[in-house]
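Student: I'd like to learn how to read a protein structure, feature by feature. Can we go through one together?
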Amino acid sequence: MKIATVLRNDDYTREVEQALKDKLRATKSPCEFVSGPDEHPDMVLSIGGDGTLLEAVHQYGIEPAYVGIHTGHLGFYADWRPDELDEFVERLVQQAEPAIVEYPIVECRITMRDGQVFDKWALNELVLRNASLSTLVACVYINGDELETFRGDGLIVSSPSGSTAYNKAVDGAIVHPSIEAIQLSEIASINNQAYRTINSSLVLPKHHEVELIVMNPEILIGLDREQAIWKDVRSIACRVGQEKVKFARFKRLTFWSRVRNSFIKG
């Protein structure tokens with residue numbers, strides 16, 4: 001098995017990576033550590049936080065399976081703590097076929113006013129804001145039918161796993177990753193006598209598409225950890241992606257256990 005690692009940039013995380021490699025090599029297992037997507041690893045170990053995991057997924061794509069080891073506060077995607085390295089190595093060596101769970105992604109098509117098209121995707125969410133502090137204005141269409149003209153701070157299109165991130169912070173619903181859906185949530189919408197929005201999160205099934213027709217000349221688009229200013233965007237269309245991100249589970253930790261550990265148990 002070929003294994004790659006992606007690290008948060010701090011000394012403690014690098015120490016955890018070295019300890020893991022030393023323990024795994026001591027087992028004389030056939031596991032081989034590689035670096036870079038060109039070497040096509042079977043598994044990618046993300047050592048850090050949820051941001052590190054998102055970085056790993058965008059670096060290595062959808063082919064490998066991912067495992068998270070958190071070296072800070074409890075990460076939502078992470079299964080393992082540094083003090084559990086011995087147990088993790090034992091299971092990695094002995095459990096040739098771990099359970100694989102698959103998380104849906106958000107597939108995005110950005111169309112420019114000159115006709116150029118850019119295909120993007122996110123494991124957590126797409127975030128749309130105006131490039132300045134002024135109001136974002138976007139017409140919202142679902143399957144080609146107009147829903148509303150949004151005015152406010154921004155819009156979020158999240159995956160089920162991303163529903164626990166920024167989406168939850170704006171009172172969106174938490175959606176189990178086994179449900180192939182995307183969620184559209186508003187950030188500080190303007191609702192008064194002149195303007196109206198649905199002012200509620202919408203959960204859309206796999207066969208639905210939400211299209212955001214952009215009225216602002218410059219917008220900020222965030223895709224997981226990546227964000228950039230875009231000029232002259234005509235529309236952004238989002239749907240449930242055809243591909244999924246795979247996670248290798250070497251111990252049982254349910255989605256709702258992760259929710260409890262992240263938001264309630266502390």
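This is a predicted model: local features need pLDDT of at least 70, side-chain atom pairs count only at pLDDT 80 or more; totals for chains, interfaces and linings use all residues.

Student: Let me try one residue. Where is Ser185 placed?

Tutor: Ser185 sits in strand E10, which covers residues 181-189.

Student: And is Ser185 buried or exposed?

Tutor: We call a residue buried under 20% relative accessible area, exposed over 50%, and partly exposed in between (1.4 Å probe, protein chains only). Ser185 has a relative accessible area of 0%, so Ser185 is buried.

Student: What does Ser185 touch?

Tutor: Contact means heavy atoms within 4.5 Å. Not counting residues up to four places away in sequence, Ser185 touches Gly154, Leu155, Ile156, Asn167, Val170, Gly172 and Ser201. With Asn167 there is also a polar contact, side chain to side chain, at 2.5 Å. A polar contact is a pair of N or O atoms within 3.5 Å; within protein, one must be able to donate a hydrogen and the other to accept it, and residues adjacent in sequence count only if both atoms are side-chain atoms.

Student: Now a helix. Which residues of H3 are buried?

Tutor: An α-helix has 3.6 residues a turn, so residues three or four places apart point the same way. In H3 (residues 85-94), the buried ones are Leu85, Phe88, Val89 and Leu92. They cover an arc of only 95 degrees around the axis, which puts them on the same side of H3. That arc is taken from the directions from the helix axis to the C-beta atoms. On the face turned away from the buried side, H3 carries the exposed residues Asp86 and Gln94.

Student: What do the buried residues of H3 pack against?

Tutor: They pack against strand E1 (2-7), helix H1 (11-26), strand E3 (43-48) and strand E4 (65-70).

Student: Let's look at E3, then. How many of its residues are buried?

Tutor: In a regular strand the side chains alternate between the two faces of the sheet. Six of the six residues of E3 are buried.

Student: Which way do E1 and E3 run?

Tutor: Two strands pair if DSSP finds at least two bridges between them. E1 and E3 run parallel, joined by five bridges; Leu7 has Ile47 in E3 as its bridge partner. E3 also pairs with E4 in the parallel sense, over six bridges, and there Met43 stands opposite Ala65.

Student: What do E3, H2 and E4 make?

Tutor: Together with helix H2 (residues 50-60), E3 and E4 make a right-handed β-α-β unit. A crossover is right-handed if, with the strands pointing away from the viewer, the path from the first strand over the helix to the second runs clockwise.

Student: Where does E15 come in?

Tutor: Strand E15 (residues 233-249) pairs with E4 in the parallel sense over two bridges, with Lys246 standing opposite Ala65. Strand E5 (residues 99-112) pairs with E15 in the antiparallel sense over 13 bridges, and Met112 has Val233 as its partner.

Student: Last topic: how many aromatic pairs does the structure hold?

Tutor: Rings of Phe, Tyr and Trp (its six-membered ring) pair if their centres lie within 6.5 Å; planes under 30 degrees apart count as stacked, over 60 as edge-to-face and the rest as tilted. The structure holds ten such pairs. Phe76 and Phe255 have ring centres 5.7 Å apart and planes at 80 degrees, so that pair is edge-to-face. Phe76 lies in the loop between E4 and H3 and Phe255 in helix H5 (residues 255-265), so the pair ties together parts that are 179 residues apart in sequence.

Student: What about Tyr103 and Phe247?

Tutor: Their ring centres are 4.9 Å apart with planes at 50 degrees, so the pair of Tyr103 and Phe247 is tilted. Tyr103 and Phe247 are both buried. Tyr66, Phe76, Tyr77, Tyr103, Phe247, Phe255 and Trp256 form one aromatic cluster.

Definitions and conventions: Residues are numbered from 1 along each chain as its sequence is written. Side-chain values use heavy atoms; hydrogens and water are left out. Helices (H or I, at least four residues) and strands (E, at least two) are DSSP runs, numbered from the N terminus.
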